[in-house]
Amino acid sequence: MSGYPTEIKLHQQSRLLEIAFDDGICYKMPYEYLRVHSPSAEVRGHGTGQEKLQTGKKNVGIVEILPVGNYAMKIVFDDGHDSGLYTWEYLHELGEHQAELWQDYLELLTAAGQSREPSH
Amino acid sequence: MSFSEADVQGALKNLTDPNTGKDFVSGKSVKNIKINGNDLSLDIMLGYPARSVWDEIRAMIEAHLKAALPDSGSIGVNVTSKVVPHAVQRGVKLVDGVKNIIAVASGKGGVGKSTTAVNIALALAAEGARVGMLDADIYGPSQPAMLGITGQPEMLDGNFMAPLTNHGLQAMSIGFLIASDDTPMIWRGPMVTQALDQLLRQTRWDNLDYLIVDLPPGTGDIQLSLAQQVPVTGAVIVTTPQDIALMDARKGLKMFEKVGVKIVGIVENMSTHICSKCGHEEHIFGAGGGEKMCAEYHAEFLGSLPLDIRIREQTDSGKPTVVADPDGNIAKNYRQIARRIAVKVAEMAQNHSTVFPKVVVQNT
Ligand SMILES: Nc1ncnc2c1ncn2[C@@H]1O[C@H](COP(=O)(O)OP(=O)(O)OP(=O)(O)O)[C@@H](O)[C@H]1O
Ligand SMILES: [Mg+2]
């Protein structure tokens, strides 16, 4: 089992979530990064190739974080998205591969002719 | 020459509680030491129910103190048990009237979960604990028959139900609420979750040390909603020694680990066969499978039970072995397993490390 979180900080100005685990690992991840990689079915679709590209989330905020059982947390974003269960395992994965996953996302955006900026 | 409180503590530091493997002082069991001249009295408060061994423990401690403190006069040791509530994760609502919730699960069906669950519950009750049984098998409830309970729960104020009772247990089951014709019940995902939540939270449990939850087999909706919504202390996995059952038990164990439910340990059921004619005992399904699995997953092997026709006959007729034949070997076996579980749960209850951290919001 992945480490259990010992500390969670929401840096509301810089829109960074800081999370430390009892296995000694600590990550800082932008809200936008977490939002566009939400593990919810809404974002992921049902299987590879089904993912729905999330766009215009540059300024997304986090309203609240709720524990789910002993293994995950739910992030409530201010755009109303709240159906993603971020397991400790998934958060470790997002933290560890942040650079690559972010780069992949930017490439997908460009390829789709979309932007991080909110529409209007 | 007389002796001091520190001498008494020192002496008890050298005496190990055979049930916990810890000495009585670091187990925080020693209370209320009183020295009056050369006379000594103290209380021992065990964190697990153990009425059947209180006398044994008292005698052991008294003898030890007599030897360690040669100047002592009369020594009075009073042994009792007090079960502490488990610290649960934030975000999961506590259940009123319940200190600890223990789920009994398996991968494969028919391995004897319900039988093991009810006998463990009765064994804990026999040791003096207040115990409840929640039959979470909404597809095929067994506990009404195993506990010999028929009838419907009385409705109380505020939409609560009174648990039904027998053999000293408080029990709730979907079987008390619906007519028992033989049609299997069909439940869909959200209904499953609701049914479990209602059985758990709309029952007015009366001051329970332990609530035992008898789960349906497998790794489905019930197991998941248990992990997400129920403040469970830990799960006991029941398996039989066949390879195929062990394989499924591994799946079950992994699933619980994945969703953060702690494993209390593993019980191997139908380990050996005892011939009802000659009493000969044989490992018909192979030996050592459960123990091997425990070693692999760093889980505790809680004990094993034989395949014995008396277990089936007594349990299926509404009077499980622990109450039908309390002095027999099988009941003793169940009591030992129950005590191991209680000791483990007490240790878990003291471990607060997995409490969800407070989320700090900063203007940075
Ligand atoms: N050690 C044993 N010796 C003899 N019979 C047993 C033993 N354990 C269980 N049984 C019998 O095996 C049958 C199945 O047991 P039980 O109902 O407890 O299994 P289960 O795992 O709860 O099943 P399910 O998966 O359907 O819920 C019952 O008739 C029971 O009496
Ligand atoms: Mg059963």
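This is a predicted model: local features need pLDDT of at least 70, side-chain atom pairs count only at pLDDT 80 or more; totals for chains, interfaces and linings use all residues.
## Ground rules

Local features need pLDDT of at least 70 and side-chain atom pairs count only at pLDDT 80 or more, while totals for chains, interfaces and linings use all residues. Residues are numbered from 1 along each chain as its sequence is written, chains are lettered from A and ligands numbered from 1 in the order written, and side-chain values use heavy atoms, without hydrogens and water.

## Where the chains meet

Let's start with the contact (heavy atoms within 4.5 Å), to which chain B gives 23 residues and chain A gives 22 residues. Together the two chains bury about 1,900 Å², 58% of it on carbon and sulfur atoms; buried area is the accessible area (1.4 Å probe) lost on being put together, summed over both parts. Across this interface there are zero salt bridges (a side-chain nitrogen of Lys or Arg within 4 Å of a carboxyl oxygen of Asp or Glu).

## A strand pairing across the interface

On the side of chain B that touches chain A, strand 16 of chain B supplies the largest share, four residues (strands are DSSP runs of E, at least two residues, numbered from the N terminus). Strand 16 of chain B runs parallel to strand 1 (residues 5–11) of chain A, and four bridges join them (pairing takes at least two DSSP bridges). Here Val361(B) is the bridge partner of Leu10(A).

## Around ligand 1

Ligand 1 has 18 residues around it (a heavy atom within 4 Å); among those that come nearest are Gly110(B), Ser114(B) and Asp316(B). A side-chain N or O atom of Thr115(B) lies 2.5 Å from an oxygen atom of ligand 1, and one of Lys113(B) lies 2.8 Å from a ligand oxygen atom.

Definitions and conventions: A polar contact is a pair of N or O atoms within 3.5 Å; within protein, one must be able to donate a hydrogen and the other to accept it, and residues adjacent in sequence count only if both atoms are side-chain atoms.
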